[in-house]
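Work through the following exercises with the sequence and the coordinates open. Each task is followed by a solution in steps.

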Amino acid sequence: MQKTALVTGGARGIGAAICRALAADGWDLRIHYNTSAQAAHALAAELGGVALRADVRDADAVRAMFDAAGPVDLLVNNAGAAAYGLFTETPPEVWRELFAVNVDGVYHCTQCALPYMIREKRGGIVNIASVWGITGASCEAAYAATKAAVVGLTKSLAKELAPSGIRVNCVAPGAIDTEMLAGLDLGDIPMGTPEDVAHAAAFLASEKAKFITGQVISPNGGLVI
């Protein structure tokens with residue numbers, strides 16, 4: 001029986017690469033988007049999946065998306081937002097926006113995905129965080145704080161959901177060549193590709209990782225060892 005995966009922020013960048021990697025492994029895809037409708041529908045047509053819109057900040061919109069998606073065997077929480085600047089110059093609205101997308105979005109989607117997984121005593125969740133959620137980052141304190149929250153949630157849920165046969169893992173990429181980092185001077189920091197992240201996510205979603213849960217894999221080219 002073909003299993004279903006829902007990838008948030010799946011229309012572009014890392015999310016699109018994850019969708020392609022999962023499709024190659026035989027997953028039936030639900031490709032979430034918020035503003036990238038054209039890209040999402042084009043990718044869905046390419047991969048034979050379904051594009052679904054929702055603002056992950058909005059619990060009602062997320063519930064409606066999951067109702068349309070049907071039962072989900074794998075959730076990849078990839079949708080995210082970033083901001084750069086000194087902590088002392090980070091206004092409250094930016095702080096709240098990053099947490100709304102990066103943390104509340106994971107909360108809303110996971111809450112909707114879990115009832116089916118718990119009932120079936122199987123399933124998987126892969127959260128996409130960031131290396132900065134492990135190490136912290138100057139001039140990205142707000143973003144790093146949200147990704148640290150995702151790492152902590154991953155480990156906590158892995159313990160809580162293990163008796164239900166549900167695995168929860170995290171991919172924490174380093175610098176990846178996407179639109180989010182376009183225009184930034186990264187100096188000597190090695191730059192990875194969306195596919196580097198996608199391979200890690202697809203592995204964690206697969207039966208090859210059936211004995212792995214609560215782990216944080218960081219494809220970062222040796223930036224952090």
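## Exercise 1: A pocket lining

Sorted by class, the residues lining the second largest pocket are six nonpolar, seven polar and seven charged. The model is a predicted one.

Task: Give the volume of the second largest pocket and state which element supplies the largest share of its lining.

Solution.
- Step 1. The volume of the second largest pocket is about 330 Å³.
- Step 2. The lining holds 20 residues, and Lys3, Trp27, Arg167, Ala205 and Glu207 are the closest to the pocket centre.
- Step 3. At least two lining residues come from each of E5, strand E6 (166-171) and helix H7 (194-205).
- Step 4. E5 gives the largest share, with four residues.

## Exercise 2: Aromatic pairs

Task: Determine how many aromatic pairs the structure holds, and classify the pair of phenylalanine 87 and tryptophan 95 and the pair of tryptophan 95 and phenylalanine 99.

Solution.
- Step 1. Two aromatic pairs are present in the structure.
- Step 2. For phenylalanine 87 and tryptophan 95, the ring centres are 6.1 Å apart and the planes meet at 80 degrees, so this pair is edge-to-face. The cut-off for that class is an angle over 60 degrees.
- Step 3. For tryptophan 95 and phenylalanine 99, the centres are 5.0 Å apart and the planes stand at 35 degrees, so this pair is tilted.
- Step 4. Tryptophan 95 and phenylalanine 99 are both in helix H4, four residues apart, which is about one turn of the helix.
- Step 5. Through these ring pairs, Phe87, Trp95 and Phe99 are linked into a cluster.
- Step 6. Relative accessible area is 55% for phenylalanine 87, which is therefore exposed. Tryptophan 95, at 32%, counts as partly exposed, and phenylalanine 99 is also partly exposed, at 22%.

## Exercise 3: The surroundings of arginine 30

Task: Is arginine 30 buried or exposed, and which residues is it in contact with beyond its neighbours within four places in sequence?

Solution.
- Step 1. Arginine 30 belongs to strand E2 (residues 28-33).
- Step 2. Its relative accessible area is 13%. Buried requires a value under 20%, so arginine 30 is buried.
- Step 3. The side chains of arginine 30 and aspartate 28 are joined by a polar contact of 3.2 Å.
- Step 4. With neighbours within four places left aside, arginine 30 is in contact with Thr4, Ala5, Leu6, Val7, Val50, Leu52 and Ala69.

## Exercise 4: Positive phi in loops

Task: Locate lysine 121 and cysteine 139, and state the phi of lysine 121 and of cysteine 139.

Solution.
- Step 1. Lysine 121 sits in the loop between helix H4 (92-120) and strand E5 (123-128). Its phi is positive, about 60 degrees, although lysine 121 is not a glycine.
- Step 2. Cysteine 139 is in the loop between helix H5 (132-135) and helix H6 (141-161). Its phi is also positive, near 65 degrees, in a residue other than glycine.
- Step 3. The relative accessibility of cysteine 139 is 36%, so this residue counts as partly exposed.

## Exercise 5: Sequence and space

Task: How far apart are alanine 82 and threonine 213, in sequence and in space?

Solution.
- Step 1. Alanine 82 is placed in the loop between strand E4 (74-77) and H4, and it is partly exposed, with a relative accessible area of 28%.
- Step 2. Alanine 82 and threonine 213 are separated by 131 residues in sequence and by 27 Å in space, C-alpha to C-alpha.

Note on methods
Residues numbered from 1 in each chain as written. Predicted model: local features only at pLDDT ≥ 70, side-chain atom pairs only at ≥ 80, totals over all residues. Heavy atoms only, no water. Buried < 20%, exposed > 50% of the residue type's maximum accessible area, 1.4 Å probe, protein only. Polar contact = N/O pair within 3.5 Å; in protein donor to acceptor, adjacent residues only side chain to side chain. Contact = heavy atoms within 4.5 Å. 1 Å grid on protein atoms, 1.4 Å probe; cavity = no way out; pocket = protein on both sides within 12 Å on 5 of 7 lines; lining within 4 Å. Points joined across faces, edges and corners; volume = space filled by probe spheres on them. Nonpolar A, V, L, I, M, F, W, Y, C, P; charged D, E, K, R; others polar. Phe/Tyr/Trp six-rings, centres within 6.5 Å; stacked < 30°, edge-to-face > 60°.
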